[in-house]
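Here is a friendly note to read alongside the model. Take the points in order and find each residue on screen as you go.

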Amino acid sequence: MKVAVIGSGGREHAICVSLKQSKKVKKIYCIPGNAGTNLIAENIEINIDNFEEIKDFSLENKIDLIIVGPEKPLVNGIVDYLKDFNIKTFGPNKIASKLEGSKIFTKNLCKQYNIPTAKFGIFENKDKALNFLKDCDFPIVVKADGLAAGKGVYVCENTKDGLKAVEEIFNGKFGKAEEILIEEFLEGEEMSYFIVSDGKTIKSFETAQDHKRALE
């Protein structure tokens, strides 16, 4: 098999290392890759937002499978795009990617299907969000809606922190903000539980933890 991995971070490097161990994989490309992937794969300088170039490269080189690492191309629909050209791609489609791409989408899904989650409010402008903060019990959590590279979450201990978070998000720190999410603070351990699904069956993987506030 010829496999192409999209991305340039440590995640993609780890994927390439695992692929290298498979007897089924004869050739690995990494788009665009990094210094680490360059040791075990062939780096290809293509912008990961240029779906047409990725498609053309895949067809010309008869790629058997594409694995997408970063969230952004997934949220922008790369899996759906490549599927139209019969290119096998590992990753969630555009709708499923909204679970990661939009915190508000995910919270509304939890509400609709009665999935346990922190109490929350959604605010479409700065004034409504700021007025809500005046009567809040702190600490609270303020979140930018879209992808923010893991940085769009504020744990606010008081009104001043909350006001700053709302101002920064609506002023475009993480891109244009049409809505903002404010939710209750839940104390305890945070854990991610990973699965892979084809829409019918599920394969479970191990858990992982982030500690984003450590040594900020």
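1. Glu 53 is partly exposed, because its relative accessible area is 39%. Here buried means under 20% relative accessible area, exposed means over 50%, and partly exposed is in between, computed with a 1.4 Å probe on protein chains only. Glu 53 sits in helix H2, residues 51-60. Helices (H or I, at least four residues) and strands (E, at least two) are DSSP runs, numbered from the N terminus. From Glu 53 to Lys 143 there are 90 residues in sequence and 34 Å in space, C-alpha to C-alpha.

2. A word on the source: this is a predicted model, in which local features need pLDDT of at least 70 and side-chain atom pairs count only at pLDDT 80 or more, while totals for chains, interfaces and linings use all residues. Residues are numbered from 1 along each chain as its sequence is written, and side-chain values use heavy atoms, with hydrogens and water left out.

3. Now look at Glu 183, in strand E9 (residues 180-184). Is Glu 183 buried or exposed? Glu 183 counts as buried, because its relative accessibility is 9%. Its side chain makes a polar contact of 2.7 Å with the side chain of Lys 107 and another, of 2.8 Å, with that of Lys 143. A polar contact is a pair of N or O atoms within 3.5 Å; within protein, one must be able to donate a hydrogen and the other to accept it, and residues adjacent in sequence count only if both atoms are side-chain atoms. Leaving aside residues up to four places away in sequence, Glu 183 touches several residues, including Ala 118, Phe 120 and Ile 140. Contact means heavy atoms within 4.5 Å.

4. Strand E9 belongs to an open sheet of four strands, in the order E6-E9-E7-E8, with antiparallel pairing. Strands E6 (120-123) and E8 (153-156) are the edges, each pairing on one side only. Two strands pair if DSSP finds at least two bridges between them. Between E6 and E9 there are four bridges, and Gly 121 has Ile 182 of E9 as its bridge partner. Helix H8 (residues 159-170) packs on this sheet and touches E6, E7, E8 and E9.

5. Which way does helix H7 (residues 126-133) run relative to H8? The two axes come within 10 Å and cross at roughly 170°, which means that H7 is roughly antiparallel to H8. Axes are lines fitted to C-alpha atoms, for helices over the stretch in contact, and angles run from 0 to 180 degrees between N-to-C directions. Angles under 35 degrees count as roughly parallel, over 145 as roughly antiparallel, 65 to 115 as roughly perpendicular and the rest as oblique. Among the residues making this contact are Leu 130 of H7 and Val 166 of H8.

6. Ile 95 and Leu 99 of H5 take part in the contact, as do Phe 105 and Leu 109 of H6, among others.

7. Finally, strand E1 (residues 2-7) is mostly covered, with five of its six residues buried. E1 pairs with strand E2 (residues 27-32) in the parallel sense over six bridges.
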